[in-house]
Amino acid sequence: MLRALSGLTTRGRCLLAAGIAAAVCSLVLNERDLLRVAVFVVALPLLVAAFISATRLRIGATRALHPQRVAVGGNGEVQLELWRSGRLPAGEILLEDGVPYALGSRPRFVVERLPHDRRVALRYPLQPVLRGIQQVGPLRATITDPFGLCEFERELIGHSRLVVVPRVVSLWGLPSGAGIGVGDDGTVRLHAGQGEADVIVRQYRQGDDLRKVHWRSTARRDEIMVRVEERPWRGGTTVLLDHRAAAHHGSGPAASLEWAVSFAGSAALHLRRSGHRVRLVSEHGATLADTPGDGGDHYDHVVLDALAALQPAHQRDITLASDPADGQELIAVLGTVSTEAVHELTQFRPRGIRSLAVLLDTPTWSAGVTAPQQRAAATEDSAALLRAAGWGVVVAGPGSPMPQVWAELCRSGAGRGTLIGGLR
């Protein structure tokens, strides 16, 4: 009874209090007719409360997310099904599903009559604006009677997991090498001479057998080239993502970190689809995702899921104990980096291995403009230090189109730096 009384609304409580007062007055005044009215007024909210309390236990629901993985700016949908398994009729039902602000507005439905013999299908859209592992729910139902005397709230469904992956853009081309003929695997095919078969050569790497040096190609290119006698090795590429909170500016979907995450994901997927083995690492060298150069779309999901769950790191600066790329080619997506951070990034990198960087001019994200006229002095200094270490550098601002940044990065393999996004 106490559980049933807890569901009384203000109207129900007032009616119950009025009935008790009328009963007291009928006893004092010895009015039997008033007592009959008082009994009816007291019994009505109690009977309604007992009825609603029994009805609410016989309502079920299911929730389905379509799809369960959606990109920022994409569209998703939630499908709900509501049914009644008992024979007692259900009153008005107010449904409210818990939706985070990053997925859109919180939906509400009113079901006036819930049929006994079929399910009621409901649906509402999701429009995510921020990546992350989001939780949809819980789904709560508020059941009321037609008189508004009693209501009960019940949790029908718990939480459902929705993965919001970063937005990925299409990119074209691959970073060029020091000379012509560089393929996806880092090898160079040269014609050795009249009547000779083509010779596949590549740049010398530490540990290569000196007996495989191709002297004709070495003389032409002015750098040591070695023969590739077996099937060309498809080299791996490491994408380094600087996700320190102190290295980025802005908040929400327009933050520089979200731009960096989106670009790193786009580059990693583009390289993997081009046949490269791709490692995605943090600024401290920790592996976030590792995918082969072949396979299905499952490996795309591995990269995107890792980026969806990525949270800002609290370290103030970059500290490395070894080469974060383990001797592979490196593409670094960096926020604000200090002189010490640049030294950490460059001190373990071999000079003969390509190192590229997209350096974000993060102070311009705080300015709230898309095409600032001048970049920060710290960004200028960091870019100069990276170029001096032999890196190809592209500086990007909040208005920088990612395909254009990638295209300039592909052309900066020889160490040329380019400025994108209206910065001068």
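User: Before counting, what are helices and strands in this predicted model?

Analyst: The model is predicted.

User: Which strand has the lowest confidence?

Analyst: The chain averages a pLDDT of 83, and 82% of the residues score at least 70. Confidence is highest in strand 10 (residues 160-165), at a mean of 97.

User: How many contacts beyond near neighbours in sequence does the model have over residues 414-424?

Analyst: Over residues 230-234 the pLDDT stays under 50, and the model has nine contacts there beyond four places in sequence. Residues 414-424 also have a pLDDT below 50. Where pLDDT is low, the predicted coordinates should not be read in detail. With that caution, the number of contacts for residues 414-424 is 42.

User: Which helix supplies the largest share of the nonpolar patch?

Analyst: The patch covers about 540 Å² and is made by Ile-20, Val-24, Val-28, Leu-29, Leu-34 and Val-37. Helix 2 (10-29) and helix 3 (32-55) each supply at least two of its residues. The largest share, four residues, comes from helix 2.

User: Is Val-28 buried or exposed?

Analyst: Val-28 is found in helix 2 and is one of the residues of the nonpolar patch. Its relative accessibility is 66%, and the cut-off for exposure is over 50%. Val-28 therefore counts as exposed.

User: What percentage of the residues of the chain count as buried?

Analyst: Buried means under 20% relative accessible area. Of the 424 residues of the chain, the share that counts as buried is 47%.

Technical notes. Residues numbered from 1 in each chain as written. Predicted model: local features only at pLDDT ≥ 70, side-chain atom pairs only at ≥ 80, totals over all residues. Heavy atoms only, no water. pLDDT = per-residue confidence, 0-100. Contact = heavy atoms within 4.5 Å. Patch = residues over 30% accessible without salt bridge, like charges linked within 9 Å, V, L, I, M, F, W, Y side chains within 5 Å. Areas by Shrake-Rupley, 256 points an atom, 1.4 Å probe, with all protein chains shown as cover. Salt bridge = Lys/Arg side-chain N within 4 Å of Asp/Glu carboxyl O. Buried < 20%, exposed > 50% of the residue type's maximum accessible area, 1.4 Å probe, protein only.
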